[in-house]
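Here is a friendly walk through one protein chain. Have the viewer at hand, and let us start with a single residue before stepping back to the whole.

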Amino acid sequence: MMQRIAVLTSGGDSPGMNAAIRAVVRKAIYHGLEVIGIQRGYSGFIEADMGPMNLGSVADIVHRGGTVLRTARSEEFKTPEGRSKAFANVQRFGIQGLVVIGGDGSFKGAEVFNREYNLPVIGVPGTIDNDITGTEFSIGFDTAINTVVEAINKIRDTATSHERTFILEVMGRESGYIALMAGLAGGAESILIPELRQSIEEVCDKLKRGYKRGKLHSIIIVAEGAASGLEVGKQIREMTGLETKVTILGHLQRGGTPTAFDRILASQMGAKAVELLMEGCRNHMVGMVAGKVVASPLEAAFHGKRPIDLEIYNLANILSI
Ligand code: ADP
């Protein structure tokens, strides 16, 4: 019978991680388990920066962005020596199961650790990029795209007044999900994503066609992994003579109070992770698939990044004609 589990957040933070921590802690306590909170991801795991959590430790955090457990990247955890220090803490603190809230890098670490030391681990996908195979939504993505859409709305107001072309660079080094979904929701003219190469000529042609038929402004969304927003702005200016203004949203996209969707998702996923550990499940991740929170083997997350949804991409193109 499992009596004590631990929880950590690792890798890049995302809004809603706190709601997931709260769900893990409260669901576990509800079932009579003890919970150890590990600070600063795998760094705190190695350095024994951890302690018991109670119902009050997660009070008043459901609406807060970031993670109260803090997060980190740990090079040391990638080494067998680092992981053996972490295992010493597993023994010292009597940890029988671990919930890792993070991205696919964090899942990789969890999987390696499980293989070496046989500690049951469950991954909860928390990343604004929504690039994890095995779930249709990761915690923080909805908040991030809402932040981008809000920015688009504001830019649209000033863009209409001045008849300018605006370029908005958003996060996504390897994944264009934020750019794509926010671009669709915000009615962007063009969306540049790393998964699909699009020429600046095409973007310019579309811009010119739009202005010809009386469009007052244009908004182009660029995922940082596709191109630099500043560079795109410069190229469009050179090719068309249009005045371009570039905004780089940056870390704004990681913060903010999580949306209701992200809080609900995080609550369901955190609770499911505890259920899975109690059922004796190990080495799995939770995911949202067709509206249900389900478990799939952690390795599911390692078969490359989640491919972009081409149907959505084509739809965004059709609607911005
Ligand atoms: P994310 O979880 O957001 O994808 P990272 O890729 O930075 O973020 O991974 C977070 C942490 O997970 C790393 O700093 C490292 O400690 C651990 N990790 C990643 N890959 C491995 C691996 N192959 N073996 C062991 N630990 C890993």
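Leaving aside its neighbours within four places in sequence, which residues is Ala301 in contact with?

## Starting from Ala301

Asp104, Phe107, Ile132, Thr133 and Met285 are the contacts of Ala301 once neighbours within four places in sequence are set aside. Please keep in mind that this is a predicted model. Ala301 sits in the loop between E11 and helix H10 (310-319). Its relative accessibility is 3%, under the 20% cut-off, so Ala301 counts as buried.

## The chain as a whole

Stepping back, you will find 10 helices and 11 strands in the chain. The C-alpha trace spans about 70 × 35 × 35 Å along its principal axes. The radius of gyration is 22 Å, which agrees with the value near 20 Å that a compact globule of 321 residues would have.

Of the 321 residues, 53% are buried.

## Surface and charge

The accessible surface of the chain comes to about 13800 Å², and carbon and sulfur atoms account for 52% of that surface. As for charge, there are 35 positive and 35 negative side chains. The centres of these two sets lie 2 Å apart.

## Two domains

How does the domain assignment divide the chain? Domain 1 is made of two segments, 4-140 + 258-302, while domain 2 covers 143-254. To the contact between them, domain 1 gives 11 residues and domain 2 gives 10 residues. The C-alpha centres of domain 1 and domain 2 lie 35 Å apart.

Asn18 belongs to helix H1 (residues 17-30). Is Asn18 buried or exposed? Its relative accessible area is 1%, so Asn18 is buried. Not counting residues up to four places away in sequence, Asn18 touches Ile61, Arg64, Gly65, Gly66, Thr67 and Val68.

Phe166 lies in strand E6 (residues 165-170) and is buried too, with a relative accessible area of 8%. Beyond its neighbours within four places in sequence, the contacts of Phe166 are Ile155, Thr158, Ala159, Ser218, Ile219, Ile220 and Lys245. Another pair to look at is Phe166 and His217: they are 51 residues apart in sequence, yet 7.8 Å apart in space, C-alpha to C-alpha.

## Two positive phi values

Most residues other than glycine have a negative phi. With that in mind, have a look at Asn130, which is not a glycine but has a positive phi of about 55 degrees. Asn130 is placed in the loop between strand E5 (121-125) and helix H5 (141-162). At 1% relative accessibility, Asn130 counts as buried.

Ala290 also has a positive phi, near 50 degrees. Where is Ala290 found? Its place is in the loop between strand E10 (284-289) and strand E11 (292-297). The relative accessibility of Ala290 is 65%, over the 50% cut-off, so Ala290 counts as exposed.

Note on methods: Residues numbered from 1 in each chain as written. Predicted model: local features only at pLDDT ≥ 70, side-chain atom pairs only at ≥ 80, totals over all residues. Heavy atoms only, no water. Helix = DSSP H or I, 4+ residues; strand = E, 2+ residues; numbered from the N terminus. Rg over C-alpha atoms; globule rule 2.2 N^0.38 Å. Buried < 20%, exposed > 50% of the residue type's maximum accessible area, 1.4 Å probe, protein only. Areas by Shrake-Rupley, 256 points an atom, 1.4 Å probe, with all protein chains shown as cover. Lys, Arg positive; Asp, Glu negative; His and termini not counted. Charge placed at Lys NZ, Arg CZ, Asp CG, Glu CD. Domains from an automatic or database assignment. Contact = heavy atoms within 4.5 Å.
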